[in-house]
Amino acid sequence: MGLHHSAGTVDGPGLELVVDGVAVTVPDDGSSLLAVLRERLGITSVKDGCSPQGQCGCCTVLVDGAPRVACVTPARRVAGRVVTTVDGLDDEDRRRWADAFLATGASQCGFCTPGIICRLEGLRARSEPASVDRAQVERALAAHLCRCTGWQTIVEAWGLAVGGASAAASELDRERDLASAERRAALEGGAVQRVGPDVVLGRGGFADDEAPEGALVAVPDGAGGWALGETLAEARAAAGKVQGRRGSRAAAPPLDVPPGAWDLTLRTGWVEPGYLETDASWCVPGGEPATPLANGGAFGAKRASPVSEVARRLADRHGRPVRVLLSREDTVRIGPKRPPIAAGVRSDGTGVIRVVRTDGVAEAIRSVAPGLVVEQVDVPGPPTSVDLRAAGWAEAAVLLAALEARRDPVDGVPSRRVTVRAPGGAQADAAVGGDGVIRVRVECGEVLDPIVLRSYVIGAAHMGFGWVTSEALAVEDGKVLDLTVRSFGILSAAATPHVEVELVPSDGEAVNGSDAVFAAVAAAAWVARGCPPVWPVPS
């Protein structure tokens with residue numbers, strides 16, 4: 001994808017730099033490098049996942065060959081220098097990374113991967129690749145967030161790319177049935193999902209990448225309305241956007257366990273879905289708005305996103321295309337969270353589960369735990385939704401799986417292997433071994449594509465393990481205090497256990513398997529830690 005927009009002519013003093021091999025001059029107006037690349041030059045492979053927090057890594061580019069996070073880099077700081085995005089890598093290098101990521105399942109939605117590839121290419125170019133070990137790759141990835149893959153497949157892609165095996169990987173992918181891979185990805189992601197090398201390189205068709213040039217930009221104004229501007233910078237200035245921060249208060253579950261004599265109790269708190277592509281849409285007057293689910297399901301968190309309807313309404317009102325975009329802080333403040341619970345259960349599977357009032361959550365819980373009485377409680381806080389990955393039924397399944405592990409001890413201690421059967425029919429077994437390895441076995445009908453399914457299983461294991469051990473949001477007076485990517489508690493590559501996956505082939509109808517894995521790994525992690533009554537449970 002080449003440069004576009006008017007970059008060669010500016011009024012007044014300008015900044016000269018070389019971007020992807022092309023000399024450009026841009027205004028010296030205080031913009032960030034990210035704003036120059038995306039908003040002025042139209043290079044949409046450079047993604048904006050947290051701008052300008054500098055914490056997700058999606059906007060990483062190479063400046064004179066060294067990785068740089070573009071959203072917190074003033075453009076004037078790179079004047080006279082060479083900037084390379086994933087689009088500007090040598091064709092052979094770009095193809096090598098795309099082949100390797102595709103062959104290992106290291107890319108799902110493809111939003112974070114262009115920045116990660118730039119980071120890894122910088123590491124490869126500045127080191128002797130054969131001497132780089134896994135720990136060094138994981139340290140390089142510390143500047144990034146990938147919510148989908150669980151990191152392991154990305155590390156595997158590094159080994160494939162620098163080990164010279166990408167040609168074989170490319171041949172393997174030519175033999176793959178990518179239509180079947182996309183079917184499996186759609187089942188796991190809950191939305192239409194493309195699979196291919198262009199997705200790895202950030203060309204999955206995300207809504208904000210496809211917005212027409214010259215569209216008005218609308219962002220939340222913080223008072224329930226929408227601020228507009230001719231550019232994203234103007235719209236954010238009109239809204240008075242305040243930079244997000246990490247709260248100083250510790251996260252705490254909002255509900256108390258119901259009174260009773262219980263064999264097992266559990267309290268959970270507010271958890272951020274943590275998807276990377278913030279909600280976006282655009283619409284022309286009288287047209288249909290672009291979906292915020294263009295190439296990823298956001299774990300269900302965008303199903304009720306307001307951005308599409310807002311884009312339609314504003315485009316019709318103003319008689320011109322309108323682009324609607326949430327910032328990272330917006331998604332945290334107004335996006336849905338998992339409903340927190342407080343439960344007490346008896347050894348026979350009966351008990352009471354209190355849950356923050358959420359449409360459909362009682363039915364979700366009863367679908368796997370009919371013996372639990374559901375009490376919904378009104379609690380000030382961010383919105384919640386049963387659309388999020390396995391919300392409600394996963395919590396109930398974790399409780400029942402932990403009870404079963406206690407009923408079937410091995411050498412006097414609870415079994416570390418647990419089994420969860422999802423309402424959709426998939427079954428997952430999981431264990432967290434004494435060696436720290438997460439071992440997962442999943443049966444979810446026809447595999448369709450083992451690379452894609454394994455990737456989603458590893459990603460779900462990462463999310464389930466982090467849910468139990470590290471993820472939580474601080475909320476005070478109903479408002480989320482933790483507004484930065486690093487405050488969500490999502491596990492880094494270095495902190496994520498290795499995951500071993502067994503896929504059980506079946507002739508049955510293909511169904512979602514990763515949600516069952518998410519619940520099973522959460523249960524196994526909890527059991528391995530002795531089932532303490534409050535999450536998260538640090539290692």
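Student: What should I know before we start?
Tutor: The model is predicted, so local features need pLDDT of at least 70 and side-chain atom pairs count only at pLDDT 80 or more, while totals for chains, interfaces and linings use all residues. Residues are numbered from 1 along each chain as its sequence is written, and side-chain values use heavy atoms, leaving out hydrogens and water.

Student: How many salt bridges does the structure hold?
Tutor: It holds 37. A salt bridge here is a side-chain nitrogen of Lys or Arg within 4 Å of a carboxyl oxygen of Asp or Glu.

Student: Which residue does Arg176 form a salt bridge with?
Tutor: Asp449, with the closest N and O atoms 2.8 Å apart. Arg176 lies in the loop between helix H6 (166-175) and helix H7 (178-189), and Asp449 in the loop between strand E16 (438-443) and helix H15 (450-469), so the pair ties together parts 273 residues apart in sequence. Helices (H or I, at least four residues) and strands (E, at least two) are DSSP runs, numbered from the N terminus.

Student: Is Asp449 buried or exposed?
Tutor: Buried, at 4% relative accessibility. Arg176 is buried too, at 12%. Buried means under 20% relative accessible area, exposed over 50%, and partly exposed in between (1.4 Å probe, protein chains only).

Student: And what about Asp28 and Arg76?
Tutor: They form a salt bridge, with the closest N and O atoms 2.9 Å apart. The two residues are 48 residues apart in the chain. Asp28 is partly exposed at 34%, and Arg76 is partly exposed at 47%.

Student: Where do Arg184 and Glu188 sit?
Tutor: In helix H7, four residues apart, so about one helical turn separates them.

Student: New topic. How many aromatic pairs are there?
Tutor: Six. Rings of Phe, Tyr and Trp (its six-membered ring) pair if their centres lie within 6.5 Å; planes under 30 degrees apart count as stacked, over 60 as edge-to-face and the rest as tilted.

Student: Why is the pair of Phe111 and Phe206 edge-to-face?
Tutor: Because their planes stand at 90 degrees, with the ring centres 5.2 Å apart. Phe111 is buried at 4%, and Phe206 is buried at 1%.

Student: What about Trp467 and Phe518?
Tutor: Their planes are at 15 degrees and their centres 4.9 Å apart, so that pair is stacked. Trp467 lies in helix H15 and Phe518 in helix H16 (residues 514-528). Ring pairs link Trp467, Phe518, Trp526 and Trp535 into a cluster.
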